[in-house]
Amino acid sequence: MKHLIGGISSAGRALPEINGQAFSVARSHGPWLWGNDGERYLDTAMGFGATMLGHAHPAVVDAICRAASNGLMPSFAHGLEEQAAASLASFTGPLSQVVFVNTGSEAVHLACRVARAATGRQQVAKFAAGYDGWFDAVAFGNAGSAAAAMAGPRPQQNGMWLLRYNDFDDAERLFQDCPELAAVVVEPVLANAGCVAPAPGYLKHLCEVAHRHGALVILDEVLMGFRLQAGLSGHLLGADADIATVGKAIGSGMPVAAVVGKPEVMAVLTDGRANRAGTYNGAPPACAAVIATLEQLRHQDYPALLAAGDATRARIAQAFAEHGQSVCSSGYGSVFTFWQGSVVPQTYQQAAACADQGWTERLHAALRGQQVLSMPFAFGRAYLTFAHGAAELERLVEGYRAAALSLA
Ligand SMILES: Cc1ncc(COP(=O)(O)O)c(C=O)c1O
């Protein structure tokens with residue numbers, strides 16, 4: 001009898017067996033994974049966005065090892081913590097106050113607590129089909145769930161309400177249904193529903209409506225932070241948030257996340273209105289990873305990566321077309337989702353109508369046969385990083401071309 005539940009510690013990261021064989025990773029480096037089958041795979045899952053630099057970036061690994069050799073958890077404040085906070089805050093504009101935690105789920109949990117304490121209100125809203133972590137309050141209305149369809153009265157559970165992404169009027173209606181909201185939690189791009197991009201002016205509108213009703217805006221940037229620019233994607237896309245959560249890319253694979261916020265809002269964490277705690281929060285290796293990662297990201301050419309990624313996804317769609325299949329993609333050059341058909345989904349309802357789990361799994365299996373690893377979920381994403389150079393992108397297009405042929 002095996003002991004690890006489901007063979008992996010997060011159900012969302014399980015891969016299907018192929019020919020009765022379970023896949024496990026022997027090691028990873030740059031854009032590559034080596035499997036227990038001895039093969040090298042080009043990775044497009046990239047820790048589900050947990051790195052922009054590629055696996056095991058040497059500068060980050062060195063910094064982590066040096067910090068670890070000085071002690072993993074010294075109990076009291078240490079020099080790297082403020083240095084990491086200052087570095088992070090240099091990218092987040094008015095959100096200048098930082099608390100480190102270990103995971104994105106914890107960051108969202110703490111951000112909601114801060115918003116409740118700062119407003120004196122209890123209810124919070126999140127987006128139907130958004131994913132804001134696995135803690136009870138927000139693990140509701142995820143993509144594919146019955147609640148996310150928002151078919152009847154506005155779904156709500158344990159003080160968490162759902163609203164429709166990219167629906168300008170629904171933002172107003174939300175506050176008619178629940179006038180006393182502490183905050184709206186928003187992924188700047190509805191990435192967990194298959195990279196649904198914000199409509200022009202949508203994030204600005206949402207923030208304006210929330211603020212007019214006395215609610216705060218929490219940008220959940222755990223996935224999108226540092227993915228479109230060195231900083232918050234929401235800032236690039238027009239959001240005016242009070243609090244943001246970041247994780248994944250800030251640590252290049254180390255378990256580290258953070259809440260960043262405006263000083264007047266984050267004051268609740270020091271004046272006794274909200275507590276913060278955590279044995280491992282801000283541990284030296286995590287802070288070292290953040291400092292080393294952000295130092296690298298500061299100098300990366302984001303526009304070039306986004307352009308190369310856009311060109312690659314266009315070439316992949318073309319490869320499908322050459323084999324008689326209509327495929328399009330939503331998202332951006334560093335994170336995107338392929339859909340069957342020619343209409344890029346602009347809402348979750350449209351994404352749900354296009355989602356075809358069987359097709360995604362067949363594509364995953366065909367790509368695996370080409371030594372390319374993709375997320376096997378209909379609302380999953382392909383992630384590109386600065387480690388995916390021209391040769392790897394060429395290899396990716398060829399892998400998809402062969403997969404398209406086998407699916408034809
Ligand atoms: C937008 C968003 N928020 C929160 C989380 C939760 O982060 P973690 O898995 O680190 O707890 C995720 C994870 O994928 C995410 O994509």
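A residue is taken here as buried if 20 or more other C-beta atoms lie within 10 Å of its own C-beta atom, and as exposed if 12 or fewer do so. By this criterion Gly79 and Ala86 of helix 3 are exposed in the structure, which is a predicted model. On the other side of helix 3, which spans residues 79–89, the buried residues are Leu80, Ala84, Ala85, Ser87 and Leu88. These five residues lie on the same side of helix 3 because they cover an arc of only 165 degrees around the axis. An α-helix has 3.6 residues a turn, so residues three or four places apart point the same way.

The chain as a whole is divided into domain 1, made up of residues 5–52 together with 301–407, and domain 2, which covers residues 58–297. The centres of the two domains, taken over C-alpha atoms, are separated by 26 Å. Contacts between the domains involve 21 residues of domain 1 and 27 residues of domain 2. On the side of domain 1 that touches domain 2, two or more residues are given by each of helix 1 (46–49), helix 10 (302–322), strand 12 (327–332), strand 13 (335–340) and helix 11 (348–354). This side of domain 1 comprises 11 nonpolar residues, nine polar residues and one charged residue.

The largest nonpolar core contains 111 residues, of which Val114, Ala115, Ala183, Val217, Ile218, Ile243 and Ala258 touch the most other members. Helix 9 (residues 284–297) supplies the largest share of this core, with nine residues, and at least three residues are drawn from each of domain 1 and domain 2. When residues up to four places away in sequence are not counted, Ala183 touches Cys112, Ala115, Val124, Ala215, Leu216, Val217 and Ile218. Apart from this core lies another, of 19 residues, which includes Tyr41, Ala319, Trp339 and Tyr400. In soluble globular proteins, nonpolar side chains tend to be buried together.

Around the ligand there are 15 residues, and those that come nearest are Thr103, Gly104, Ser105, Val222 and Leu223. Helix 4, formed by residues 104–119, gives the most to the shell around the ligand, contributing three residues. Divided by class, this shell consists of six nonpolar, six polar and three charged residues.

Conventions: Residues are numbered from 1 along each chain as its sequence is written. This is a predicted model: local features need pLDDT of at least 70, side-chain atom pairs count only at pLDDT 80 or more; totals for chains, interfaces and linings use all residues. A residue is near a molecule or strand if its C-beta atom, placed from the backbone, lies within 6 Å of it. Helices (H or I, at least four residues) and strands (E, at least two) are DSSP runs, numbered from the N terminus. Ala, Val, Leu, Ile, Met, Phe, Trp, Tyr, Cys and Pro count as nonpolar, Asp, Glu, Lys and Arg as charged, and the others, Gly among them, as polar. A nonpolar core is a set of buried Ala, Val, Leu, Ile, Met, Phe, Trp, Tyr and Cys residues joined through C-beta atoms within 7 Å. Domain bounds come from an automatic or database domain assignment. Two residues are in contact if their C-beta atoms, placed from the backbone, lie within 7 Å. The arc is that of the directions from the helix axis to the C-beta atoms.
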